[in-house]
Amino acid sequence: MKTPSGFPDGPALHAVVRGRNLTGRIWQYVFLLATSVGIISLSALLYNILDSTYGLMAYEFNVDPATVSDRPLEELSRDELTVILQANISKGAFNKLEEERPFTQRSREDVYELIMERVVKLKVIETYPLTDSLFRRAAIEAEVAQDYPDAQLTFRAWLKPDFITAPMSSKAEFAGVRTAILGSLWLISITIAIALPIGVGAAIYLQEYAKDSFLNRLIQMNINNLAGVPSIVYGMLGLVLFVRALAPLTSGAIFGVTDSNGRTILSAGLTMALLILPLIIISAQEAIKAVPDSLRQAGYGLGATKWQTIWSHVLPNALPGILTASILAISRAIGETAPLIVVGASTFIAVDPSGPFSKFTALPIQIYQWTSRAQSEFHNIAAAAIIVLLVLLLSLNTTAILLRNRFSRKLY
Amino acid sequence: MTQTNGVNGSTDNFSIETRNLNIFYGNFKAISNVNLKVQRQKITAIIGPSGCGKSTLLRAFNRMNDFVNGARVEGEILMQGQNLYAAHVDPVEVRRRIGMVFQKPNPFPKTIYENIAWGARINGFRGSKTEMDELVERSLNHAALWEEVKDKLKQSAYALSGGQQQRLCIARTIAIQPDIILMDEPCSALDPIATLKIEELMRELVKDYTIIIVTHNMQQAARVSDFTSMMMLTDDRRSGTVIEVGPTNDIFTRPKDKRTEDYVTGRFG
């Protein structure tokens, strides 16, 4: 058989094939490089955060705890602590505290914190990142001994169980993220509860019912564009619409709640729901579009109505995709900060949110607020809060993924 | 252009018929002036070259073309004297009376049992669990699938072979007891052995049902059908129409139309 003219043959063919394979390999390395850059950046980020979460802390006391009590403070009961507090602060200050809340009603931790705050007056001088703490310990010790002769040096884990369970505090050593975690969870629940049904409903309508008319194309185009609108714009919308215009609803006034204004979890949840709505609609539409048409035909062929077909075949088959969409939406909403600042999340709140009409704070707000403080210990707790946020995000996503896998398995 | 019907008999013998049927996709006329009478409890095959509108015609019978954007029907399709395209006729009701088996097996991604029970349930079958079990067994039996699947009714229909899936789709269709079954090249995705099984099944089913089948395979039409209708593009090659209808034997051995003869003898060019 003769090779048609115009095509390379023999050694020329080998050369051409080698050249083509080489091109392929070069591209492969380019893609590998792109992946590596991504992985390296992520690792750097994680390292940076973890580095700030643990490390040495130099601190000094106003009064050494060893001098106020002969036994370690940690072992004392509430009443014993109260006695110590009374002995070490002025009578007026003690009475004022008693007036705020009788000591018999306070918890042991509360009194302990008061002693640390009013009597011991622990002051953080300097904190050191984990790497330095491990490898330059001697140098740090020498430096602290020289600059702050009274200071003590201790290894501090900023991320510890207390950090998660403790409420907000103005002192970094006592501050925790409990209120922020609860605020974030409330926020996400409200957001998903509102955005998911509306988003999926809109997607079903647009994909299954809407005719290909000019109006519907316009709506579709608008939704696609809304997904790209900066989140701060949604914050402005939320401020005007939910916080101000719908204040009677969002403050709970029409439900008999009196002690709040419109800056509630509900307002923030509604704003966040608006923010992720286009995202959910678009992804749910894609999921519905991906359901093979042969299934719809099979349904119709058996005399099913449109709704019966959608309910029994389209939706169950689109469900994994819709859940993936909600995973993405949760991830977006839980980390979103700008709209929360605009709709008025509180930066300092020590009481847990009790319902949709509570004032609230959220993890990203806490992180934002702490990183903007000058004292280095706040940067450490910001890093710890970032880890809490990441873990919260991962666990929410894991739940959604497990749900999705369950539904996909049930189908086949 | 008028058609000559090779089928004679009283109207009573006809299950469904088209009158001056024209089908458009937007401005494009896909089917032009089809007058076809389909005999009750017989298999009528629709054959013809690709793109002549066989599937379009078939899908007109149970109004599946309604889902195609811009599809429009002129003329009438009569079933028991009722025009299926009359304004007050609900297409859902039409599809409940006229079942359909598709080209590619398309079972639902559910269990074998559910594949059959679902159609019954949505059509208002109100039987006890036992009655439903009986219906499922009867339908699978009727589709010659029961022996193969009776021990795995709760397993996914996707675990079945292609031929079994297609028989499941047939079982699903007959479970709701339609009057007519439409088959759109039901064997084109199957191997010869599975094809043979489906063909045997069709000969079995025709004792109870009227079957209209579209096929590319002329041997299949010759083997399985009682009547054959030959479709071809019109002379201006714009839209498809039925050029000849008759008992299958006549169409294949002594066609009246030269074009039919060329096609069935393989001289079509």
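**Reading the two chains**

Author: Let us begin with burial in chain A: of its 412 residues, 34% count as buried. Please keep in mind that this is a predicted model.

Reader: What radius of gyration does chain A have, and what would a compact globule of 412 residues have?

Author: The general idea is to set the value for the chain beside that for a globule. Chain A has a radius of gyration of 30 Å, whereas a compact globule of 412 residues would have one near 22 Å. The C-alpha trace of chain A spans about 100 × 70 × 40 Å along its principal axes. Among contacts in chain A with a separation of 6 or more, 77% are between residues 24 or more positions apart.

Reader: How many helices and strands does chain A contain?

Author: Chain A has 18 helices and three strands.

Reader: How many residues of chain A are in contact with chain B?

Author: Contacts between chains are counted on each side. Here 17 residues of chain A are in contact with 20 residues of chain B. On the side of chain A that touches chain B, helix H14 (293-301) and helix H15 (306-335) of chain A are the elements that give two or more residues. H14(A) supplies the largest share of that side, six residues.

Reader: Turning to chain B, why is strand E9 described as largely enclosed by the rest of the structure?

Author: One counts the neighbours around each residue; a residue is buried if 20 or more other C-beta atoms lie within 10 Å of its own. Five of the five residues of strand E9 (residues 210-214) of chain B are buried, so the strand is largely enclosed. Thr210(B), Ile212(B) and Val214(B) point one way from E9(B), while Ile211(B) and Ile213(B) point the other way.

Reader: Which strands pair with E9(B)?

Author: Strand E4 (residues 43-47) of chain B pairs with E9(B) in the parallel sense over four bridges, and Thr44(B) has Ile212(B) as its bridge partner there. Strand E8 (residues 180-184) of chain B also runs parallel to E9(B), joined by five bridges; in this pair, Met183(B) stands opposite Ile213(B). Together, E8(B), helix H7 (residues 192-205) of chain B and E9(B) make a right-handed β-α-β unit.

Reader: Where does Asn20(B) lie, and what is its phi?

Author: Asn20(B) lies in strand E1 (residues 14-25) of chain B. Its phi is near 45°, a positive value in a residue other than glycine. Asn20(B) counts as partly exposed, with 13 C-beta neighbours inside 10 Å. Gln41(B), also not a glycine, has a positive phi of about 50°, and is found in the loop between strand E3 (37-39) and E4 of chain B. Gln41(B) is partly exposed, with 14 other C-beta atoms within 10 Å.

Key:
Residues are numbered from 1 along each chain as its sequence is written. Chains are lettered from A and ligands numbered from 1 in the order in which they are written. This is a predicted model: local features need pLDDT of at least 70, side-chain atom pairs count only at pLDDT 80 or more; totals for chains, interfaces and linings use all residues. A residue is buried if 20 or more other C-beta atoms lie within 10 Å of its own, exposed if 12 or fewer, and partly exposed in between; C-beta atoms are placed from the backbone. Two strands pair if DSSP finds at least two bridges between them. A crossover is right-handed if, with the strands pointing away from the viewer, the path from the first strand over the helix to the second runs clockwise. Two residues are in contact if their C-beta atoms, placed from the backbone, lie within 7 Å. The radius of gyration is taken over C-alpha atoms; the globule rule is 2.2 Å times the number of residues to the power 0.38.
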